[in-house]
Amino acid sequence: MKLPPFDYVSPRSLGEATRILAESGGSARILAGGQSLMPIMAFRLATPDKLVDLRHVPGLAGVEIGDGEVKIGAMTRWRDILESDALAAAIPLLREAVSHVAHYQIRNRGTIGGSLAHADPAAEMPAVAVTLDATIDVAGAGGARSIAAADLFTGALETSLAPDEIITAVRFPRWPAGRRWAFREFARRRGDFALAGVALTIDGDPEGRVSNAHIGVFGATDQPRRLSKAEAALNGSRLDETTIAAAAAAAAAEANPSGDIHGGADYRRSRVGTLLTRALQSTSAV
Ligand SMILES: Cc1cc2nc3c(=O)[nH]c(=O)nc-3n(C[C@H](O)[C@H](O)[C@H](O)COP(=O)(O)OP(=O)(O)OC[C@H]3O[C@@H](n4cnc5c(N)ncnc54)[C@H](O)[C@@H]3O)c2cc1C
């Protein structure tokens with residue numbers, strides 16, 4: 001299907017980009033890699049009159065590994081995340097999650113900022129950002145601000161971004177030594193959006209009990225979210241079969257999927273429990 005007509009602008013600075021967005025009064029859209037925007041425009045689900053391409057805006061791409069946090073520029077592509085060994089050493093869950101995103105060609109163009117802004121409830125990165133307590137840096141015509149990932153997502157394909165705001169980076173807190181993690185998803189074919197998925201990190205106390213469990217879910221809720229009851233079932237307990245079964249049951253009950261032609265609500269709910277069980281049975285340590 002052909003795209004609807006639109007104007008195209010290629011600003012050379014962040015200030016120019018936010019000014020163009022502000023002046024357009026909400027009728028312009030940011031173009032990152034086009035891997036979600038082009039399909040939705042082709043289907044006439046979005047008909048912006050102007051695309052503001054971020055490709056030539058400096059300072060928006062790259063990975064910085066700092067002492068306290070890892071910063072990934074919004075225009076960093078999936079491929080760059082996959083290929084960064086330093087990033088994989090610092091937060092290994094990121095490489096594992098991105099390895100499930102789409103296909104080679106899409107990962108060559110798609111960006112982390114575009115995925116967060118698109119806010120697909122079945123996408124990996126929004127759920128990972130919520131699970132890992134990421135902070136989203138944003139610039140708008142009125143200035144810059146930072147948003148906790150949990151506050152960025154407000155519904156399916158909905159965020160708290162203003163129309164003139166551009167995601168500039170996402171920051172993840174560094175992990176403590178010994179943190180355990182796992183990532184599991186179920187999709188009908190590799191690269192498809194997941195019918196359900198979980199991201200998990202757990203720490204441990206000196207007595208071998210779980211502490212600080214973070215469980216995020218995607219594909220089985222209206223927006224990426226953490227499963228606080230399943231986390232509570234883990235915290236303070238030893239990671240044995242009884243604890244894992246209790247956490248999986250809590251997760252399945254807490255997930256609130258809506259069914260579609262790819263999988264019914266009950267099916268997705270049961271997948272969440274199964275995926276969390278498998279994740280808890282096979283955690284890796286940093
Ligand atoms: C066949 C196919 C399969 C896919 N499978 C998966 C999958 O399994 N998992 C998955 O997660 N994704 C999947 N995707 C989507 C893909 O990951 C996209 O790369 C991702 O959604 C972001 O695309 P993009 O960076 O090209 O952003 P664009 O498509 O350019 O933009 C997406 C949206 O975000 C806005 N935007 C972009 N950048 C910014 C920014 N910096 N600040 C504010 N707003 C911004 C745009 O205006 C637009 O509304 C798939 C896509 C296709 C076509």
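**First stop: the domains**

The centres of domain 2 and domain 3, taken over C-alpha atoms, are separated by 21 Å. To locate them, select domain 1 (7-53), domain 2 (63-173) and domain 3 (180-285), the parts into which the protein chain is divided; the bounds come from an automatic or database domain assignment. Residues are numbered from 1 along each chain as its sequence is written. The model is predicted: local features need pLDDT of at least 70, side-chain atom pairs count only at pLDDT 80 or more, and totals for chains, interfaces and linings use all residues.

Next, display the contact between domain 2 and domain 3, to which domain 2 gives 19 residues and domain 3 gives 21 residues. Two residues are in contact if their C-beta atoms, placed from the backbone, lie within 7 Å. On the side of domain 2 that touches domain 3, the elements giving two or more residues are helix 5 (92-98), helix 8 and strand 8 (153-155). Helix 8 gives the most to this side, with six residues. Colour the side of domain 2 that touches domain 3 by residue class: 13 residues are nonpolar, four polar and two charged. Here Ala, Val, Leu, Ile, Met, Phe, Trp, Tyr, Cys and Pro count as nonpolar, Asp, Glu, Lys and Arg as charged, and the others, Gly among them, as polar.

**Second stop: the whole chain**

Now show the protein chain as a cartoon, with its twelve helices and 15 strands. Helices (H or I, at least four residues) and strands (E, at least two) are DSSP runs, numbered from the N terminus. The radius of gyration of the protein chain is 19 Å, close to the 19 Å that the globule rule gives for 286 residues, so the chain is as compact as a globular protein of that length. This radius is taken over C-alpha atoms, and the rule is 2.2 Å times the number of residues to the power 0.38. Of the 286 residues, 45% are buried, a term that requires 20 or more other C-beta atoms, placed from the backbone, within 10 Å of the residue's own.

Select residues 124-131, which form helix 8; eight of its eight residues are buried. Among them are E124, M125 and P126. Helix 8 is followed by D133, whose phi is positive, near 55 degrees.

Then select the ligand. Which residues come nearest? Of the 32 residues around the ligand, these are G33, G110, G114, A117 and A123; a residue is near a molecule if its C-beta atom, placed from the backbone, lies within 6 Å of it. Elements that give two or more residues to this shell include helix 8, strand 2 (28-31) and strand 10 (166-173). Helix 7 supplies the largest share, five residues. By class, the shell around the ligand holds 17 nonpolar, eleven polar and four charged residues.

Select strand 6 (residues 135-140) and strand 7, which pair in the antiparallel sense over six bridges; strands pair if DSSP finds at least two bridges between them. The two form a hairpin with two residues between them. T135 has A148 in strand 7 as its bridge partner, and D137 stands opposite S146 in strand 7.

Notes
Buried ≥ 20, exposed ≤ 12 C-beta atoms within 10 Å, placed from the backbone.
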